[in-house]
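Me: I'd like to learn how to read a few features of a protein model. Could you take me through them step by step?

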Amino acid sequence: FGEQAVFDFSLGNPVMEPPDQFKYELIKYVNSAEAGKHRYMHNAGFLESRQAVADRLTKLEGVKNLTAEHVIMTCGAGGGLNVTLKSILNRGENVIFFAPYFVEYLFYVTNHGGKCKVVQTRPDFDLDLDRLEKAINKKTRAILYNSPNNPTGKIYSEKTMRDLGRLLRAKQKEFSTTIYLISDEPYRELIYDRQSYPGTFPFYANSIVVGSHSKDLSLAGERIGSIAVHPRAKDAAQLIGAMTFCNRTLGFVNAPAIMQRVVSRLQGVKIDVAQYERKRNRLCDGLQAIGYHLDRPDGAFYAFPRSPIPDDTTFVKKLAADARVLAVPGTGFGRKGHFRLAYCVDDATIEGALPGFEKVFRDLKPTARRRA
Ligand code: PLP
């Protein structure tokens, strides 16, 4: 049909260009006289970059004694999560995560001999701590969560995080084990409606924060992120030693050198988040006006509306066939009856797709449509 006539919401690949400061710092660094820019380095990354991440997280998380020693530079959050799981998992141990989930978690966990245990969230996508409590046992090594969430855009509240921390402390005591809380946060800076992000470290000591600049600086192809270990995590030094080793032996060897240097000068800088907020508003308002049901996303750049018919896969195929709109069925994220739209797209894609969304909705017989 030609690119202009197909409206693709299927991938979380940011449409926005990196901020101008990125280009400025990149050119400045590349042209600098510094020798050895392209050599190997310490496996955890450059001290300067690790310190910059530690300084930023100290401010954001309000935690004491977080230093460069607690930070490892990684090949994005994907690299950081694999390094973390490789470092903490013994074969056959469980990692619990929440549905709907980021599909790669299934592979990241099994890559390192772990077993996935999926816990459904509540209908509003908040964490269901009663279900989580029942799922934790002595084989549970980690809880992996993602906020703002892909695919729902949900941010877990401070109260949810406090209750989660309390539950994990009780469970560690009950089973005499160490349970890590891993926060996967590539969307941390993409937050709307002046909401705030409560953080992870204030609520639980055995926690690990995995960050990324794929989305906040729009550097997804450059592969740059970080791991930070809570300074009071059990055996923190040994854990960081294991992570440093795994950062090398998993095959990445180190995070890209130039990107480490550049992002160390850009901590706290981000793309214009208001642009994503505007896209969210236009898409969600448009869908709701047609009659689609959705929880307005708090952050990230995904919406997860209810499918107007129970079978989300059939609905997504119908969208593609009748309206040339590409989406992903909720079933793929472990939650039937929904579909995901990645709205990190041009405005023209949103505007072009809305009439198609309307046509598909109107063409469904009212008796076939689900009620609110
Ligand atoms: N975690 C989640 C929830 C994601 O959505 C993504 C990418 O889309 C990643 C991790 C991987 O991000 P990165 O590019 O930093 O490896």
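Reply: Gladly, and let's begin with sheets. Two strands pair if DSSP finds at least two bridges between them. Strands (E, at least two residues) and helices (H or I, at least four) are DSSP runs, numbered from the N terminus. One caution: this is a predicted model, where local features need pLDDT of at least 70, side-chain atom pairs count only at pLDDT 80 or more, and totals for chains, interfaces and linings use all residues. Residues are numbered from 1 along each chain as its sequence is written, and side-chain values use heavy atoms, with hydrogens and water left out.

Me: In which sense do E9 and strand E12 pair, and over how many bridges?

Reply: In general, strands of a sheet pair through backbone hydrogen bonds, either parallel or antiparallel. Here E9 and E12 (residues 339-342) pair in the antiparallel sense, over two bridges. Alanine 303 stands opposite leucine 341 in E12.

Me: What is the order of the three strands in the open sheet?

Reply: The order is E9-E12-E11, with antiparallel pairing. Strand E9 (302-303) and strand E11 (328-329) each have a single partner strand, so one side of each is left without a neighbour in the sheet.

Me: How many cavities of 30 Å³ or more does a search of the whole structure find?

Reply: First the idea: on a 1 Å grid over the protein atoms alone, a cavity is a set of points where a 1.4 Å probe fits but cannot get out, and lining residues have an atom within 4 Å of a point. Grid points are joined across faces, edges and corners, and a volume is the space filled by probe spheres set on the points. The search finds three such cavities. Of its 15 lining residues, the closest to its centre are Arg56, Glu185, Gly211, Ser212 and Ser226.

Me: Which elements give two or more residues to that lining?

Reply: Helix H2 (47-61), strand E7 (207-212) and strand E8 (225-229) do.

Me: And how much space lies in the second largest cavity?

Reply: About 50 Å³. Its lining residues include Phe97, Tyr101 and Asn146. Strand E5 (140-146) is one of the elements that supply at least two residues, and E5 gives the largest share, three residues.

Me: Where is proline 256 found?

Reply: Proline 256 is in the loop between helix H7 (236-249) and helix H8 (257-264). Leaving aside neighbours within four places in sequence, proline 256 is in contact (heavy atoms within 4.5 Å) with Cys75, Glu222, Arg223 and Ile224.

Conventions:
1 Å grid on protein atoms, 1.4 Å probe; cavity = no way out; pocket = protein on both sides within 12 Å on 5 of 7 lines; lining within 4 Å.
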